[in-house]
There are 2 protein chains.
Amino acid sequence: MTTTHGHVPARRPRRTDARLNRERLIAKAQEVFAEAGPEASLNEVARRAGVGPGTLYRHFPNRSALLTAVLRDRIETLCELAETLSSSESADDALTQWLRAFLVHARVNQGLGGALMVEEPVTLGLDCHRLILDAAADLLAQAQRRGTARADLTADDLVQLVVGIALSTARSHDAEQPDRLLTLVLDATYGTPLQNE
Amino acid sequence: MTTTHGHVPARRPRRTDARLNRERLIAKAQEVFAEAGPEASLNEVARRAGVGPGTLYRHFPNRSALLTAVLRDRIETLCELAETLSSSESADDALTQWLRAFLVHARVNQGLGGALMVEEPVTLGLDCHRLILDAAADLLAQAQRRGTARADLTADDLVQLVVGIALSTARSHDAEQPDRLLTLVLDATYGTPLQNE
DNA sequence: TAGTTAAGCGGAGTACCTCTCCGTATACTA
DNA sequence: TAGTATACGGAGAGGTACTCCGCTTAACTA
C-alpha cells in the first residue's frame, strides 16, 4: 500500500499549515465563546482565525468537538488534580476541593463547560464526560470509605448537580452565588444521616 | 380622540380572529416545544398554527414572550399552590411539596421552564420570574420561622438550585435522577447539623 | 344594512446561521 | 525539482429569526 514500510499505516505527519490553523482556531474559539457563550457562531470563529468555514469543519466536525478541544487542557488539569488530591490526608477535603475546581471549570466562558457536559452525551458521548465522571467517582468512593460522605450518593448525581449550578448561574449577576450553592450541596454530601459527631 | 367618550382611551376590544390566532399559537407552541425543546423553531410554530411568521411576532415579540404564555397557566397554578400550602400544618412539608411541584414545572417540555427562568431576567426580566420568587420566598420564610429550614438560605438560591437541576437533567435518561437530586438539596435545606432524631 | 376604519393578516425579504462540496493551492517527499 | 496527498477557501443549499408593508376583514356606526 503506497509508502508504508511495515504493515502499520504510519501516515505522513500533519502539514504544518494545518497544525497552525488548528491552533489558531482553538485560540479564537476560546475568545469567541468567552464573548458570546457556548452558542456562539462558528462562522465567526473561522472568520477571526482567518480561514474559511470549510477549514473549521474539517478540523472540528461539529460544535461539540470544538468545545472539547477548547476545554481539553482544563479537563486534563482537572483529572491530574483529582489524582493528586486522591492521595491527600482527608478524603472529604479532597472531594470538596475537587468539586470546587470542577465548578469553576464548568462555569468558564459563560457555562461552556456545563453546556458541554449536558450536550455531549447526546452528540458524541464520551471522552471528557467519561474522564470527569471517573475522576469524581474515584474521589467520592474514597470520601465514602475513609471520610464522611453519605453512602447513598453516586458520582453521576454529584456531578450533575454541580453542572446544574454552573448552568443556572451562567448568567447570574451575583458572583458569589455559585459558591454558595455548592456549599449547600456539600452540606448535603456530608453529614445528614450520620449521627457520629 | 375619535370614538372615545370619556378621556380614558377605552380601546376597541380585540378582534375575535386575533384572539383565536393567539390561542392556536399558544397551543401549537406547546406541541412544538414539547417535541423540540425550548430552542424549537418559531417558524414551525407559525406554520402549524396556519399563520404567517408576521402574525406570530405581532402576538409575541420574542421567544421569551411565547414561552411565558405557554407556561402562564402552570405558573399561576404554582402560585396558587404556594398560597394553599402556606396555611398548612407543617411549614417544612409545605416548602418541600412546593419545591417538588416547581421542579416538575421547570422540567416540563425538555426544561422549558428552567430555560425561561435563566433567560428571562436578561430579556424581559419580571413577570413569572418575580411570581415564582415571591412564592418561594413566602414558603421559605415560614419554614425558617415555624419549621427547621436553615436561617442562612435565600429563596433565590433555593430556586436557582432547583432550576439548575431542571436544566442539567433536561436530557437525562434517568427519570429518577431529578427527584434524587432535589431530595439531596432538601437534606441540606433542613437540618444538616441538627442531631435530634 | 351599507360604509368606514383601523386592527390584523400574510408572506416576501434581509441577514444571519450551520454544514457540504469540490476546484484550487501548497507543503512535503523522493 | 516534480509529483502528490493534504489542506484550503468560499460558493451554495437549506435552515433560522425577525421586519415591513400592502391587502383583507371584523367591528363599529349611521
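Ala, Val, Leu, Ile, Met, Phe, Trp, Tyr, Cys and Pro count here as nonpolar, Asp, Glu, Lys and Arg as charged, and the others, Gly among them, as polar. With those classes, the surface near DNA strand C has seven nonpolar, eleven polar and ten charged residues. Welcome to a predicted model, in which local features need pLDDT of at least 70, side-chain atom pairs count only at pLDDT 80 or more, and totals for chains, interfaces and linings use all residues. Residues are numbered from 1 along each chain as its sequence is written, while chains are lettered from A and ligands numbered from 1 in the order in which they are written.

**Around DNA strand C**

- A residue is near a strand if its C-beta atom, placed from the backbone, lies within 6 Å of it.
- DNA strand C has 28 residues around it, and Ser41(A), Gly54(A), Val51(B), Gly52(B) and Gly54(B) come nearest.
- Two or more residues of this surface come from each of helix 1, helix 2 (42-49) and helix 3 of chain A, and from each of helix 1 and helix 3 of chain B; helices (H or I, at least four residues) are DSSP runs, numbered from the N terminus.
- Helix 3 of chain B supplies the largest share of the surface near DNA strand C, with four residues.

**Around DNA strand D**

- At least two residues each are supplied by helix 1 (16-36) and helix 3 (53-59) of chain A, and by helix 1 (16-36), helix 2 (42-49) and helix 3 (53-59) of chain B.
- For the surface near DNA strand D, the largest share, four residues, belongs to helix 3 of chain A.
- This surface divides into seven nonpolar, ten polar and eleven charged residues.

**How the two chains pair**

- The contact involves 22 residues from chain A and 23 residues from chain B, two residues being in contact if their C-beta atoms, placed from the backbone, lie within 7 Å.
- On the side of chain A that touches chain B, helix 5 (91-124), helix 7 (155-168) and helix 8 (177-189) of chain A give two or more residues each.
- Helix 7 of chain A gives the most to that side, with eight residues.
- By class, the side of chain A that touches chain B has ten nonpolar, eight polar and four charged residues.
- The copies meet through the same surface, because 100% of the interface residues of chain A are also interface residues in chain B.

**Residues worth a look**

- Asn109(A), in helix 5 of chain A, has a positive phi of about 55° although it is not a glycine.
- Asn109(A) counts as buried because it has 23 C-beta neighbours inside 10 Å; buried takes 20 or more other C-beta atoms within 10 Å, exposed 12 or fewer, and partly exposed lies in between, with C-beta atoms placed from the backbone.
- Gln110(B) lies in helix 5 (residues 91-124) of chain B, and its phi is also positive, near 55°.
- With 19 C-beta neighbours inside 10 Å, Gln110(B) is partly exposed.

**Confidence**

- Chain A has a mean pLDDT of 89, and 88% of its residues reach 70 or more; pLDDT is the predictor's confidence in each residue, from 0 to 100.
- Residues 1-7 of chain A have pLDDT below 50, and this stretch has three contacts beyond near neighbours in sequence.
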